[in-house]
Amino acid sequence: MRIVETYSHLNGLEYLLVHHASLWAEITEVVDIVDASTCRTKVSKEKKNPGKLLYSPVDMNTAFKNELTARGWEQRRTPFWVTENEKLLRRIQSMEADEQKAEISAAGHKPIRSYNQTDFVKERVAVEVQFGKYAFVAHDLFVKHLGFYVADVIDIGVEILPMKELEREMSSGVPYYERDLSNLVRQGRGVPAVPLMLLGIAP
């Protein structure tokens, strides 16, 4: 596959090039190695394209996972506790998980266990490869990457998305770079408050 477009939010690319040039090289290498033609395995059942052979999101995710994990990129999960009280939630944001639970209980509320998870992290750089439903991209950018950044787990998040030319050859509901770039820039230059790189890829 190939990188068609990139967008650097809050100097995300500049940060990578200065502090993690080798990781940026790994990411671009993985995109280049993944062979899209081997992922064209899904037979469409949709009315508009019955029987058409489409690119499989599952196969593409697997291909990226195999290449990234082979280079030492690992899944990361960070637990935390929540409750229904907004003021309490604000107060415990910077605490460790055990402290959050204790503080919620001490205040007479019920602690609810939750977690933030990202698929690939290496040396404080997170990568999400998103071929799922389009709503997942906002979750990646505003919850996963931002959450890990605020928790001081990562310094930058990288989001890999199909370009529209690839999305057209996939099932309906898949995100595409052009739309999510628009969704991001309309928030303003500083939102979300985490350095990001958007990569638009195509065969």
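Trainee: Which residues of helix H8 (residues 177-185) are buried, and what makes them line one face of the helix?

Mentor: Tyr 177, Asp 180 and Leu 184 are the buried residues of H8. Viewed down the axis of H8, they fall within an arc of 75°, so they line one face of the helix. That arc is the one made by the directions from the helix axis to the C-beta atoms. Before we go on, note that this is a predicted model, in which local features need pLDDT of at least 70 and side-chain atom pairs count only at pLDDT 80 or more, while totals for chains, interfaces and linings use all residues. Residues are numbered from 1 along each chain as its sequence is written, and side-chain values use heavy atoms, with hydrogens and water left out.

Trainee: What covers the buried residues of H8?

Mentor: The cover includes strand E1 (2-9), helix H6 (135-150), strand E7 (156-162) and strand E8 (196-202). A contact here means heavy atoms within 4.5 Å. The element names come from DSSP runs, numbered from the N terminus: helices are H or I with at least four residues, strands are E with at least two. By that rule the chain has eight helices and eight strands.

Trainee: Why is Asp 140 called buried?

Mentor: Buried means under 20% relative accessible area, exposed means over 50%, and partly exposed lies in between, using a 1.4 Å probe and protein chains only. Asp 140 has a relative accessible area of 1%, so Asp 140 is buried. Lys 144, at 14%, counts as buried too.

Trainee: What makes charged side chains pair at all?

Mentor: Side chains of opposite charge can pair when their charged atoms come close. In this chain the rule gives 13 salt bridges.

Trainee: Why is the pair of Glu 26 and Lys 122 said to tie together separate parts of the chain?

Mentor: Their side chains meet in a salt bridge at 3.0 Å, N to O. Glu 26 lies in helix H2 (residues 21-33) and Lys 122 in strand E5 (residues 112-122), so the pair ties together parts that are 96 residues apart in sequence. Both partners are buried: Glu 26 has 18% relative accessibility, and Lys 122 has 15%.

Trainee: Which residues are linked in a network of salt bridges?

Mentor: Glu 29, Glu 67 and Arg 71 are linked that way.

Trainee: What makes the phi of Arg 124 worth a look?

Mentor: Most residues other than glycine have a negative phi, and most peptide bonds are trans. Phi of Arg 124 is near 70°, a positive value. Arg 124 sits in the loop between E5 and strand E6 (125-129) and, at 30% relative accessibility, counts as partly exposed. Asp 152 has a positive phi as well, near 65°. Asp 152 is in the loop between H6 and E7, and its 52% relative accessibility makes it exposed.

Trainee: Where is the cis peptide bond, and what is its omega?

Mentor: The cis bond joins Val 191 and Pro 192, with omega about -5°. Pro 192 lies in the loop between H8 and E8.

Trainee: Is Ser 171 buried or exposed, and which residues does Ser 171 contact?

Mentor: Ser 171 has a relative accessible area of 11%, so Ser 171 is buried. Ser 171 lies in the loop between H7 and H8. Apart from neighbours within four places in sequence, Ser 171 contacts Lys 42, Glu 46 and Leu 54.

How values were computed
Salt bridge = Lys/Arg side-chain N within 4 Å of Asp/Glu carboxyl O.
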